Amino acid sequence: MSFDLDAYFARIRLPARPTLDHHGLAAVQRAHRLAIPFENLDIRLGRGIRIDSDSVFAKLVTAKRGGYCFEQNRLFLDALTAVGFDARPLLARVWLGASDTPGQTHMLLLVTIDGAPWIADAGFGGSYGPPMPLVAGAEVEAPDGARFRLYEDQRGWVLARNGHPGATDGRGAQEGWVDQYSFTLAPVAPADLAMANHWTATAPGTRFVDLIVVSIALPRGFASLTDRAYKRHVGGEDSEAVIDDPRVYRLRLSMMFGIDLSADEVAALGLF
């Protein structure tokens, strides 16, 4: 497909074309996360998750919906490539809440800038980490005050977080440095992404099949819906509530996350 950069920039409300450096990369990722919610609603609605470029653009840009990592980072990768960045996908193992070695169920991006590797991720729903140079010991601070660090061990590269976890899409709060995910730099084929996406969207007993998850980065925080539980962390202040009325749930989806579902679609989620 021919990527429509103007439509994408309008969707993420980015006022100017980004520079081809780490500042430009960070600007695109930040705008993307502030504008496009992380969500898996279509799994519960029985629509499945398609991750080809045309389908992702139609859903996340044209229809103004959100998506989970394989959708978010497919769109992000297509946009970065169209801008002129050198980027490719990586697969990761999510360690939050894992008791055994998890499968490769997360997608992120490797971006090469002036010969140096960076990681970028517009689709990790439980937190917001800015782009980072791929250097052991590198640290960055997110707008909500959480810190992220890269290190290496027998699993490959590991991204860890320290600080308020924002709204952790059902995994719960943890203190201190907590491993988010691990990854290697092995090439990733389209078939690898298709298999990982299929398992993530369909495997019985897994998080995205069992839970309805919606989240979005805020300028100084994070907000999430996990089934009927709403949480928000902004500027060091936390609030939470359980939504008992489908009309309130529908309004919250629209007002906080920018997702407009019909009353029938909300009923089909089976939460009330």
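**Cores, sheets and helix packing in a predicted model**

The largest nonpolar core has 44 residues, of which Tyr8, Ile12, Leu25, Phe70, Leu75, Phe76 and Val111 touch the most other members. Such a core is a set of buried Ala, Val, Leu, Ile, Met, Phe, Trp, Tyr and Cys residues joined through side-chain atoms within 4.5 Å, where buried means under 20% relative accessible area, exposed over 50% and partly exposed in between (1.4 Å probe, protein chains only). The model is predicted: local features need pLDDT of at least 70, side-chain atom pairs count only at pLDDT 80 or more, and totals for chains, interfaces and linings use all residues. Residues are numbered from 1 along each chain as its sequence is written, and side-chain values use heavy atoms, with hydrogens and water left out.

- Beyond its neighbours within four places in sequence, Leu75 is in contact with Phe3, Tyr8, His32, Ile36, Val56, Phe57, Leu60 and Val61 (contact means heavy atoms within 4.5 Å).
- Another core, of 21 residues, lies apart from the largest one and includes Leu110, Met132, Ala138 and Leu150.

**Helix packing**

- H2 and H5 pack at about 145° with their axes 11 Å apart; axes are lines fitted to C-alpha atoms, for helices over the stretch in contact, and angles run from 0 to 180 degrees between N-to-C directions.
- Leu25, Val28, Gln29 and His32 of H2 make this contact with Gln72, Leu75, Phe76 and Leu80 of H5.
- The residues of the contact of H2 with H5 comprise five nonpolar, three polar and no charged; Ala, Val, Leu, Ile, Met, Phe, Trp, Tyr, Cys and Pro count as nonpolar, Asp, Glu, Lys and Arg as charged, and the others, Gly among them, as polar.
- H1 and H2 cross at roughly 65°, and their axes come within 8 Å.
- In that crossing, Tyr8, Arg11 and Ile12 of H1 meet Val28, Ala31, His32 and Ala35 of H2.

**Eight-stranded sheet**

- Eight strands form an open antiparallel sheet in the order E5-E4-E3-E2-E9-E8-E7-E6; two strands pair if DSSP finds at least two bridges between them.
- E5 and strand E6 (139–141) are the edge strands, each pairing on one side only.
- E2 and E3 run antiparallel and are joined by eight bridges, with Pro89 opposite Leu109 in E3.
- Five bridges join the antiparallel strands E3 and E4, and Ile113 has Ala116 in E4 as its bridge partner.
- The hairpin of E3 and E4 has two residues between the strands, and Asp114 takes a positive phi near 50° there.
- H5 lies across E2, E3 and E4, at about 15° to E3.

**Five-stranded sheet**

- Five strands form an open antiparallel sheet in the order E1-E10-E11-E12-E13.
- Strand E1 (38–39) and strand E13 (237–242) are at the edges with a single partner strand each, so one side of each has no neighbour in the sheet.
- E1 is joined to strand E10 (residues 213–218) by two bridges, and Glu39 stands opposite Val214 in E10.
- Helix H8 (residues 246–257) packs on this sheet, touching E10, strand E11 (221–226) and strand E12 (229–234), and its direction makes about 155° with that of E11.

Terms used: Helix = DSSP H or I, 4+ residues; strand = E, 2+ residues; numbered from the N terminus.
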